[in-house]
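Hi everyone, thanks for coming. I'd like to walk you through one structure today, so please have a look at it before I start.

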Amino acid sequence: MLLQQPDAIAVVASLGLGGLSGLPLPFSVPLAYGAMVASQTRGLDIIGLLHNCTAQQTAAAPPDNVDADLPMDALCAGYEAHHWESTSNCLHACGMLWAFGVLALMLLRQKRWPMLALVPPCWYLFAWTGHFVYQADVPAVFTYGTTLRGWSLGEWCSVKAFAAGRTVSAREDLLLTFACAVATYLGHRASASLCTRSHEKPD
């Protein structure tokens, strides 16, 4: 198996995604949305590459407990059942924190409204990394997100689980989420700093 040190891989992935968000928007936005499109169109291939053909075939069967037409209670129950791996859940939580952080920054500094474009990649790329790498399955949003109603209810289920402490609750998971969040911030700052220095004119 490719994955032997899940916590370290999660932290490194967070560092890389943070670095992506630190690039200038004309670069980060196309790269981030390109990664999202690749995840949606080639997700099964990614699972096969990271794991094996058996995992790829298993993931090809869409889950029936997160259907877009389900009532909210059933969809929320299905959502939480679909998120069973702790390291993956830590990445979900880190992505949510990063997305909420970007929104907070935009509200505090209104000149940063263009950063709104980074909220969906921040929200989803962390979570989808968790699904592909740790759960070896396709994200639930690929099923419930096929309709506006399903998407909005499903995302409400994700926020509700996060706020209630069901996404991450164990001490070691909270610590890993914190480590991923710090790595994301450091990656963002390092990338932004390098880009700033590259544009500075020499004296």
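Predicted model: local features only at pLDDT ≥ 70, side-chain atom pairs only at ≥ 80, totals over all residues.

Let's begin with helix α2 (residues 25-50), which spans only 29 Å between its end C-alpha atoms, whereas a straight helix of 26 residues would span 38 Å at 1.5 Å a residue. That expected span is 1.5 Å times one less than the number of residues.

Residues are numbered from 1 along each chain as its sequence is written, and side-chain values use heavy atoms, with hydrogens and water left out.

Back to α2. Where is the kink in α2 centred? On R42, and the kink is about 85°. The bend at a residue is the angle between two fitted axes, one for the seven residues ending there and one for the seven starting there.

Several residues of α2 are buried, among them S28, A32, M36 and G43. Buried here means under 20% relative accessible area, exposed means over 50%, and partly exposed is in between, using a 1.4 Å probe and protein chains only.

R42 turns up again in a salt bridge: its side chain meets that of D45 at 2.5 Å, N to O. For a salt bridge, a side-chain nitrogen of Lys or Arg has to be within 4 Å of a carboxyl oxygen of Asp or Glu. D45 and R42 are both in helix α2, three residues apart, which is about one turn of the helix. As background, an α-helix has 3.6 residues a turn, so residues three or four places apart point the same way. R42 counts as partly exposed because its relative accessibility is 49%, and D45 is partly exposed too, at 34%.

How many salt bridges does a search of the whole structure find? Two. The other pairing is E80 with R166, whose side chains meet at 2.9 Å, N to O. E80 lies in helix α4 and R166 in the loop between α8 and α9, so this pair ties together parts that are 86 residues apart in sequence. E80 is at 28% relative accessibility, so it counts as partly exposed, and R166, at 44%, counts as partly exposed as well.

Next, the cysteines. A disulfide is a covalent bond between the sulfur atoms of two cysteines. The rule used here asks for a pair of cysteine sulfur atoms within 2.5 Å, and by this rule the count comes to one disulfide. C76 and C157 form it, with their sulfur atoms 2.1 Å apart. This pair links distant parts of the chain, since C76 is in helix α4 (residues 72-81) and C157 is in helix α8 (residues 148-163), 81 residues apart. Why is the disulfide called left-handed? Because the torsion about the S-S bond of C76 and C157 is about -80°. Both C76 and C157 are buried.

What about C90? C90 is in no disulfide, and the nearest cysteine sulfur, that of C180, is 6.5 Å away. C90 counts as buried because its relative accessibility is 1%. C53, on the other hand, is exposed, with a relative accessible area of 52%.

Now helix α6 (residues 119-135). Its 17 residues should span 24 Å at 1.5 Å a residue, and its end C-alpha atoms are 24 Å apart, which agrees. Helix α6 is mostly covered, with 16 of its 17 residues buried. Just after α6, A136 takes a positive phi of about 55°.

Last stop, the surface. L15, F178, V182, Y185 and L186 form a nonpolar patch there, with about 490 Å² of accessible area together. Patches take residues with over 30% relative accessible area and no salt bridge, joining like charges within 9 Å and nonpolar side chains (Val, Leu, Ile, Met, Phe, Trp, Tyr) within 5 Å. The areas come from the Shrake-Rupley method with a 1.4 Å probe, and for residues only the protein chains shown count as cover.

Which helix gives the most to the nonpolar patch? Helix α9 (residues 171-199), with four residues. L15 sits in helix α1 (residues 6-22) and is partly exposed, at 41% relative accessible area. Also in helix α9 is G187, which counts as buried at 7% relative accessibility.

Note on methods: Helix = DSSP H or I, 4+ residues; strand = E, 2+ residues; numbered from the N terminus.
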